Amino acid sequence: MSNTIFDWKKDRSMFPEPDKDGKPVVELDSQKYIKVWQGPNHPGVTGNMALELTISGDEVMEAKTHVGYLHRGFEKLFERRRYMQCFPTSIRMCVPEPDINEYNLSRGTELLSGIEVPEMAGWLRMIALEMARLQVLLRTVPGQGGTIGLGLPAQWGLYYRELILDRFEELTGGRIYHMYILPGGVRGLLPDGFKKRLEDNLVKIEAFMKEVDRVVYSNAVFKKRTKGIGVVPPEWIDQYGATGPVARAAGYKRDVRKDYPYLYYDRLDFDYNVEHESDVFARFHVRRKDVDTTIDLLRQIMAKMPEKGELRAETPNVLHWKIPRGETLVRCESSRGEYLFYMVADGSIYPRRINLRGPSYTHGVVLLEKLLVNANISDVSSIMVSLATCPPEIER
Amino acid sequence: MSLKDIFSPFTAWGKAFEKPVTIKDPIAERPGADRYRGFHKNDISTCIGCGTCETICENEAIDLVPVEGIETKDGDSGLRPRVDYGRCCWCALCVDVCTTGSLSLTNTYTWVEEDPEAYRFTPGVDEKPWDKEEKGWKKPEPGYEFYNLNRVTMEHLEPEERDDTFIEMVKGFSKEQAEKEADRCVECGICTATCPAHMGIPEYIKAIRNDDLEEGLRILYDTNPLPEICGRICTHKCETVCTLGHRGEALSIRWLKRYIADQNPSEKYKKILNSEFIEKNGKKVAIIGSGPSGLSTAHYLALMGYECTIFEKLSKAGGMMRFGIPEYRLPYDQIDKDISYIESLGVKIKYNTQVGVDITLDELGKKYDAVFAGTGLHMGRSTRIEGTDHKNVYQAIDLLRKITLGEEVPLTEHIVVIGGGNVAMDITRSLARLQKQKYGKVGIITTSLETEDKMPADREEVIETREEGAVVNPGWAPQYIEIENDKIKGLHVAQCYSLFDEEGKFNPQCNLDNLQFFEGNMVVESIGQGMDLSYLTEDLKHDLEIDRRGRIKVNEYFQSGIPWLFIGGDIIQGPDVIHGIANGHKAARGIDEFLFEEKKDTPKP
């Protein structure tokens with residue numbers, strides 16, 4: 001089948017005259033261009049953020065990201081909360097995957113005050129983190145098809161995500177806001193029969209992923225619409241600090257779980273999922289393989305974790321838990337990439353500063369603006385979803 | 001791209017023959033998981049309104065509000081948490097921090113109501129359909145506490161180290177121990193409300209955590225001028241009601257107070273407490289008795305600029321604290337430390353001066369602007385059973401006084417003590433020490449009307465008494481003392497099965513079929529003390545109002561029917577040190593108001 005019939009040529013970009021830096025000069029008065037706002041409420045935009053697109057025909061000439069629709073000032077709120085009060089607030093910095101916030105915050109608090117978490121709690125934290133990753137991937141992997149009109153698998157995926165949320169509900173008492181990992185440890189052991197129910201879910205999810213493979217992954221339309229689209233040049237990865245699937249799709253072996261092992265990830269057997277094309281399809285492919293890795297990791301964790309153990313280390317009285325002056329940096333691998341907290345303690349009962357450096361800021365603000373130039377307007381949401389931006393994490 | 005890529009998506013059509021998920025797995029109403037964090041439930045009879053839930057709530061969704069039908073009392077603030085579901089995020093930290101374990105979340109998660117105000121409710125008080133729901137979030141099992149439920153162990157002298165000496169047996173906290181213990185406090189303030197002197201307990205414990213012991217001392221002296229003494233022998237009503245005691249061990253508030261006082265050297269007191277310069281106001285107040293109430297009155301009056309003179313019958317100051325409490329519990333140098341600070345404020349103490357004998361109360365009333373009488377309970381009460389008129393039957397309080405004064409104490413190899421209170425334990429342990437010193441062994445038996453579980457003595461006192469070799473055998477009513485050839489052979493007792501009658505009046509009942517004989521050559525009675533009011537002449541008594549039980553009526557500032565005479569301490573309230581201190585503080589304010597009417601509305605120290 002010839003590609004020429006369907007191939008869309010980037011021709012409009014010939015119209016704007018480039019200036020001496022080679023950047024096209026867009027004159028709105030020339031009536032060749034129009035401004036289109038995609039978002040803040042748009043099904044093709046993840047969360048509440050807006051893309052201000054300057055288009056010529058159906059080609060994007062210029063893209064600007066606008067955030068600020070979700071700002072709730074979490075980092076400032078932390079400064080007026082006791083260390084123990086921060087973790088229920090922190091989860092709102094990334095609603096789809098809340099556990100990474102809890103983990104980073106708890107780990108940072110523990111590092112600053114020199115507390116070691118019991119082994120059992122460490123394994124339970126890994127279960128929560130991997131389950132959270134799995135339920136996010138169950139949205140984003142089939143969801144990538146949804147961005148180009150293959151909405152059906154995206155709907156199916158939500159059902160399988162609910163299965164994991166059921167497990168979260170019985171483990172943590174909450175479906176979305178788990179509030180499970182807290183400074184010192186975790187808040188509950190695995191309920192009776194939890195491992196079996198989770199295993200049943202994993203089997204179902206594996207079967208579902210085969211369906212996704214048939215309907216999305218090996219779909220001529222999907223390949224057509226994603227291959228060669230939104231290519232992140234590999235040299236940009238270090239230049240802009242892209243991490244996670246974006247970096248791995250560009251051929252970089254980047255995974256915090258392997259590079260800077262935390263919890264007991266060094267006792268688990270897994271590998272980097274790497275692709276080289278660095279386009280939307282490659283990023284989709286990396287995430288698709290991440291699903292298999294996560295399922296495998298969950299099985300390994302359930303097999304290797306101890307049966308019994310302490311839930312929580314002994315901490316000072318949480319009502320006046322003072323942490324001596326110090327600073328620390330904690331990171332973990334989220335489904336989107338490296339998730340990093342910088343924490344400063346000033347010796348009082350409140351943290352002096354907690355700063356989040358998440359992957360969405362680079363991916364969603366910097367890379368997206370660059371990748372959208374010369375893209376077809378129908379690919380905008382596809383590119384955006386492939387970068388996995390999470391606006392609440394950008395404006396925390 | 002291959003043909004397979006074109007055709008494989010059509011496998012999705014396979015789903016057309018399957019039932020949709022919504023039919024396979026319909027949305028039926030189902031209860032939340034066993035641990036679900038749903039709506040709040042509170043067992044208001046267990047809840048004491050300590051407010052830790054309010055403190056930990058990061059959304060300020062919880063307020064403590066007064067509730068109809070729940071009275072404020074010792075150990076219960078009378079408030080209950082009200083939750084605002086406009087703010088709550090169901091994190092359940094309030095459940096995890098709850099000191100009594102009364103608060104929990106149910107697994108109910110749907111609630112529809114038109115009135116937005118309804119979503120601000122008091123769980124347990126406002127009835128809700130989920131109040132009976134058993135499942136839901138509860139505090140996870142042991143090992144998950146937000147604060148330490150166990151006390152830091154206070155080191156004591158071992159029984160064999162202390163049973164023949166009057167050296168202080170409680171060693172006191174080190175810095176690390178004190179800070180660790182202070183860390184347990186949840187700052188609820190239930191203790192402050194219960195303490196008769198309303199000491200700022202959470203505040204001075206916070207000062208320990210901050211390692212600011214000078215600030216701690218200032219907080220202590222705000223309400224209590226005898227911290228060394230109270231830090232050792234206070235009846236610690238604060239610890240009895242301590243909110244941590246509901247699920248674990250109460251905070252060692254008394255030892256923490258002692259730690260602050262011990263760590264501050266007495267020569268720095270005046271500087272720390274900012275009492276180096278006090279402006280005199282020219283008024284003179286006489287104080288009868290140098291016990292806790294007298295010293296407390298003198299301290300606060302001296303700070304206000306009054307010239308205070310204490311008249312003390314005995315040769316040393318301290319009253320019952322010195323002459324009633326044995327040295328191993330309260331060393332004399334610690335009493336001296338507290339008293340010398342009060343003296344340094346300009347308070348004069350006239351020793352060996354008994355009011356009513358050496359000087360009359362009338363004279364005092366004329367010479368001074370006001371008089372405070374805190375003469376205490378120094379007269380031992382007798383059981384008045386057959387044989388108590390024998391010369392070898394003694395009153396515990398008289399013997400304790402003799403021990404303090406260094407006088408010779410009558411002693412035999414076998415002694416019987418009657419009484420179940422702390423004074424009985426004090427005399428038992430003191431005599432046991434003397435026996436050990438003199439005879440090398442202990443031969444003392446203590447009996448009381450009350451059974452083991454109802455004995456008024458502190459539990460640890462009873463345990464320590466036994467550790468030191470004395471026998472405590474409670475639950476017996478003394479019948480008579482057997483005397484042969486003018487020598488005491490022992491005490492006959494009968495089993496006592498009831499202390500109070502149906503009206504609650506003291507009316508002990510004994511089972512005369514169950515008798516026992518306690519052998520001993522000396523009997524000590526310790527069943528309570530009475531007051532000696534001989535210094536009140538008939539003329540004065542005429543102006544005083546005395547109630548049925550023989551107590552003098554005073555107003556809230558301890559002012560008696562005679563305007564210049566204020567009366568407080570054990571003879572009015574108590575008996576214990578902390579009530580005396582509280583009385584003295586209040587009386588000092590009363591005297592100030594009485595002498596300076598116009599100052600009534602200004603705040604007093």
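Which residues of α16(B) are buried? In this predicted model, the buried positions of α16(B) are Q334(B), I335(B), K337(B), D338(B), I339(B), Y341(B) and I342(B). The helix itself runs through residues 332-344 of chain B, 13 residues in total. From its first C-alpha to its last it reaches 18 Å, close to the 18 Å expected at 1.5 Å a residue. The cover over its buried residues includes four other helices of chain B, namely α10 (227-233), α13 (269-272), α14 (292-303) and α15 (320-323). After α16(B) comes G346(B), with a positive phi near 105°.

Chain B contains 22 helices and 20 strands, and its C-alpha atoms fill a box of roughly 120 × 70 × 50 Å along the principal axes. Of its 605 residues, 45% are buried. Among the contacts in chain B with a separation of 6 or more, 73% join residues 24 or more positions apart.

Several helix pairs of chain B are worth a visit in the viewer. Two packed helices are described by the angle between their axes and the distance between the axes. For α8 (residues 201-209) and α12 (residues 253-263) of chain B, the axes come within 10 Å and cross at roughly 55°. That angle makes α8(B) oblique to α12(B), and α8(B) passes α12(B) in a left-handed crossing. On the α8(B) side the contact is made by I201(B), Y204(B), I205(B) and I208(B), and on the α12(B) side by I253(B), L256(B), K257(B), Y259(B) and I260(B). By class, this contact holds 8 nonpolar residues, no polar ones and 1 charged residue.

Helix α8(B) also meets α6(B), and here the axes come within 8 Å and cross at roughly 135°. With that angle α6(B) is oblique to α8(B), and their crossing is left-handed. A178(B), E179(B), A182(B) and D183(B) of α6(B) make the contact with I205(B), I208(B) and R209(B) of α8(B). These residues divide into 4 nonpolar, no polar and 3 charged. I205(B) and I208(B) take part in the contact with α12(B) and in the contact with α6(B).

T465(B) lies in α20 (residues 459-467) of chain B, and it counts as buried because it has 22 C-beta neighbours inside 10 Å. Leaving aside neighbours within four places in sequence, T465(B) is in contact with M425(B), T428(B), R429(B), T446(B), A470(B) and V472(B). L217(B) is 248 residues from T465(B) along the chain, and the C-alpha atoms of the two are separated by 32 Å.

Most residues other than glycine have a negative phi, and most peptide bonds are trans. M179(A) is not a glycine, yet has a positive phi of about 45°. This residue is found in the loop between α5 (151-172) and β4 (181-182) of chain A, and M179(A) counts as buried because 23 C-beta neighbours lie inside 10 Å. In chain B, E187(B) likewise is not a glycine and has a positive phi, of about 55°. E187(B) sits in the loop between α6 (175-183) and α7 (190-194) of chain B. With 18 other C-beta atoms within 10 Å, E187(B) is partly exposed.

Finally, the two chains touch. In this interface 35 residues of chain B are in contact with 29 residues of chain A. On the chain B side, α1 (3-7), α3 (52-56) and α4 (93-97) each supply at least two residues. By class, the side of chain B that touches chain A has 19 nonpolar, 6 polar and 10 charged residues.

Key: Residues are numbered from 1 along each chain as its sequence is written. Chains are lettered from A and ligands numbered from 1 in the order in which they are written. This is a predicted model: local features need pLDDT of at least 70, side-chain atom pairs count only at pLDDT 80 or more; totals for chains, interfaces and linings use all residues. The expected span of a helix is 1.5 Å times one less than its number of residues. A residue is buried if 20 or more other C-beta atoms lie within 10 Å of its own, exposed if 12 or fewer, and partly exposed in between; C-beta atoms are placed from the backbone. Two residues are in contact if their C-beta atoms, placed from the backbone, lie within 7 Å. Ala, Val, Leu, Ile, Met, Phe, Trp, Tyr, Cys and Pro count as nonpolar, Asp, Glu, Lys and Arg as charged, and the others, Gly among them, as polar. Axes are lines fitted to C-alpha atoms, for helices over the stretch in contact, and angles run from 0 to 180 degrees between N-to-C directions. Angles under 35 degrees count as roughly parallel, over 145 as roughly antiparallel, 65 to 115 as roughly perpendicular and the rest as oblique. A crossing is left-handed if the near helix is turned anticlockwise from the far one by less than a right angle, and right-handed if clockwise.
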